[in-house]
Amino acid sequence: MERQEVIRLEHVTKRFGDKLVLEDIDLSVYEGDIIGYIGPNGAGKSTTVKMMLGLVDGYEGNILIFGENLKDQDHTYKKRIGYVPENAELYDSLTAQEYLAFIAGLYGLEEDLAREKAHRLMMKFEIDHVMNARLSSFSKGMRQKVLIISSLLHNPDVLFLDEPLSGLDANSMLIVREILAQLSAQGKTIFYSSHIMDIVEKISNRIVLISNGHIAADGTFDELKEQNQKGSLQDIFNSLTGFSQHKEIAEDFVAIVQEEPA
Amino acid sequence: MNNFATLRLLDRFAPLFRRAGIDYSMLRLILGLKLTMDTRRVPTVFAQSKIKEGKNYFIRSLWIYALYGLAVIPFLFVDNYFFQLSIIFGILMFILMTSMISDFSSVLLDVRDRNMMMTKPVDQRTISTAKMLHITMYMSLLTIATTGIPLVVSLFVNGFGFFLLFLAELILLNFLILMMTALVYFAILQFFDGEKLKNIINFMQIALTLGIFIGYQLVARSFQLTSLDWTFTPAWWQLFTPPVWFGALHEAVLTGERSFFVLVLAVLAVIIPVIAMILYVKMIPVFESSLHKLSTVEQGKEKRTNRLKQAFLRFIAPDQEERNFMNFSFAMMKSEREFKLKVYPQVGFTFVIPFLFMYTNIENGSFEALREGSSYYLFYFTLLVIPTVLSMVKYSGAYKGSWIYAAMPLRDRVLIDRGLTKSVLVMFYLPVMLILAPVFIWIFSGRIWLDLLVIVATAILYAAICTLVLNGKSLPFSQPFSVAQHQEGIKAFMMMLVIGGFCLIHVLFNNWTIGLEIYLGILLVAILIVWTLGFRRIRLSK
């Protein structure tokens, strides 16, 4: 079966003021891809995602989503996208139920249907008992679960996830990972950014490493291993981002900690 | 969540929105959410698991604005449109602008909206329209509350034409204020980052609060002084004062005044709000995208350590741990915006109070008589800053950070309280005292130096007592602001009465030849006892 191209970036360049954030990025993403989108802080990961969501504009080049250029599209393409941002701010004063109903409404879902679906999803995550409690009282993991539900309520074709597992306990992590695998098997595309290499390594079927505004690596984990002659994604990451002094830095750090006051 | 009266009213205009290309059902959804959140605006103290469907606190506070609005009524009886409406709109603009800045800055500058809604299939125009309608709703309520009674009065006193015009002008004024605020914020954001904008807003809030305090004093007094006989003299600066435009519009429409200058002003009253409105709508996308600056953090400047200040702190707080708490309190009191908003205006007011009283004295006698008299006791008013500040120090917007008290190996609880009290004295009392003392000595001559010394000693003693009474066992910056309830105000007020007691004792000792010297001695001993044993008691009773 021919896999359809879902996202294409053509020569995308983005500047903030004089600062070059992304330079001439080319990238094609197909349905069923789980892309582990990694890179050091400030490498331009979230900028890329924000551009695809229409949060950031003023870039050079073209971004095509579902085969259509963003510049010629209105907002309706977002109906097929789900998004879990990093450090997401929620409308704290709402209850989980109200929040989810609102988000579902923004995606154009019918109210009763959305409510019922949200409730069932919350039951699966075992947070249905706090459905009518305010989000401000939620723990980090509970908020994360609400966010994940809110990104999936409308059954999107593309998912952008930024550290989606943060705050979840080990069992919930397992569930979410399995959910992602199954969604991808159904042909959904997942764009997964994270700093935790072990998870990225296991979860993704394709890894894109971005560094200094360029794509430094793109391929399956096995391909990257072969190209770089390294055993783990962490090692590949370090070698591609040109970082090898973690031992020295740690030694210096510990030495400073242990200094006796003069 | 979707059954607000305002929404049902809005439903009637749904076709209008649709024709303008706005997704009405989305608009309704977003507004419904906003209104729901407004009913919960009062921050919940502790994470509640069950929601009590709160009343909208904003609507509950509207009656205060109705009171403000009464200030306008006397001017309705003046027989000069120009003067009358310039003043009225001056007052109204001030009231509305103040509340716009203090209550709606957060709405206007909400960054969450962008991240939350822009990623969903909703178009920008619908989101912006929802935001504008949300603010407009409240501005209208506020305007109705403030001007409702004056409007009705004007209908009877000034006639129907006046009433209609007044109403129309109020709508224009609302446009103008909303747009002006947004445009000013926009301009600030172009040049500065979000922190700076928040600081500027905070500063404006403080200035406006102080302005209200002092303004009311002055207005009350100016009534006695000036006879209300004003004639209009054109001046170029009137081109820049919106209240005068509205005065001119009234003049032009109701008296048929057709002089060129008045017509220009009248036209401005109509055109500028409309232009501002168009400009705002055009600029919304740019404005929204510049909001991202609000969440960016710019590197702070490194602060140079002032050696003189260090030496001074070392002198008044030799214990290093105590000094540490002083520095901590300084930093908190300087940076906590809500604290500043609650405290700084009152501190500013303290500078003015003594002179307001002297002014009243001079009206009854001469300046010479004042200088010879005993009005220097007014210096006791400087002590007012102490309970004002100390009743607020236990609150903080970031009260959750107070876990550090529990986690740190604290040697002695007393150090916290003493450090705090000293920092309040240094940060708030010292400047007030240092600025007012020379002024007092200039007015009353050097004969009062011993009296001033006594008052400063009293301040030091009094500050310790205030900490003990007002703070008790609570740790500084450890409770959320919403707990700051009326009882706190009552306690602080009681402590203010204590100042009167001190003043009375001072007067009594002053009747003696060396009474003041003795009293000063007694005060010093009392300071010693209270600052050591008194503070001890907090710990013991814990």
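Modeller: In helix α1 of chain A, the buried residues are K45(A), T47(A), T48(A), V49(A), M51(A) and M52(A). The helix runs over residues 45-52, and because 6 of its 8 residues are buried, α1(A) is largely enclosed by the rest of the structure. Just after α1(A) comes G54(A), whose phi is positive, at about 80°. Please keep in mind throughout that this is a predicted model.

Helix α2 of chain A, residues 96-106, has 11 of its 11 residues buried, and so it too is largely enclosed by the rest of the structure. Among these buried residues are Q97(A) and E98(A), as well as Y99(A), L100(A), F102(A) and I103(A). What do they pack against? The buried residues of α2(A) pack against α3 (111-124) and α4 (140-152) of chain A, and also against α3 (24-38) and α8 (112-117) of chain B. Just after α2(A), G108(A) takes a positive phi of about 80°.

Further along chain A, L180(A) sits in helix α5, which covers residues 170-185. With a relative accessibility of 3%, which is under the 20% cut-off, L180(A) counts as buried. Setting aside neighbours within four places in sequence, L180(A) is in contact with I34(A), L159(A), L161(A), I190(A), Y192(A) and I203(A).

In the loop between β7 (158-162) and α5 of chain A you will find E163(A), which has a positive phi near 45° although it is a residue other than glycine. At 13% relative accessibility, E163(A) counts as buried. F477(B) lies in the loop between α22 (449-471) and α23 (486-510) of chain B, and its relative accessible area of 4% makes it buried.

Turning to chain B as a whole, its secondary structure comes to 24 helices and 0 strands, and buried residues make up 48% of its 542 residues. Among the contacts in chain B between residues at least 6 apart in sequence, 82% join residues at least 24 apart.

One pair of helices in chain B deserves a careful look, namely α9 (residues 124-157) and α10 (residues 160-191), which pack with their axes 10 Å apart and at an angle of about 150°. Because angles over 145 degrees count as roughly antiparallel, α9(B) and α10(B) are described in that way. Their crossing is right-handed. On the side of α9(B), the residues that meet α10(B) include M132(B), I135(B), M139(B) and L151(B), while those on the side of α10(B) include F160(B), F163(B), L167(B) and N174(B). The residues of this contact divide into 13 nonpolar, 5 polar and no charged.

The mean pLDDT of chain B is 79, and 85% of its residues reach 70 or more. Over residues 42-53 of chain B, however, pLDDT stays under 50, and for that stretch the model has 21 contacts beyond four places in sequence.

Key:
Residues are numbered from 1 along each chain as its sequence is written. Chains are lettered from A and ligands numbered from 1 in the order in which they are written. This is a predicted model: local features need pLDDT of at least 70, side-chain atom pairs count only at pLDDT 80 or more; totals for chains, interfaces and linings use all residues. Side-chain values use heavy atoms; hydrogens and water are left out. pLDDT is the predictor's confidence in each residue, from 0 to 100. Contact means heavy atoms within 4.5 Å. Axes are lines fitted to C-alpha atoms, for helices over the stretch in contact, and angles run from 0 to 180 degrees between N-to-C directions. Helices (H or I, at least four residues) and strands (E, at least two) are DSSP runs, numbered from the N terminus. Angles under 35 degrees count as roughly parallel, over 145 as roughly antiparallel, 65 to 115 as roughly perpendicular and the rest as oblique. A crossing is left-handed if the near helix is turned anticlockwise from the far one by less than a right angle, and right-handed if clockwise. Ala, Val, Leu, Ile, Met, Phe, Trp, Tyr, Cys and Pro count as nonpolar, Asp, Glu, Lys and Arg as charged, and the others, Gly among them, as polar. Buried means under 20% relative accessible area, exposed over 50%, partly exposed in between (1.4 Å probe, protein chains only).
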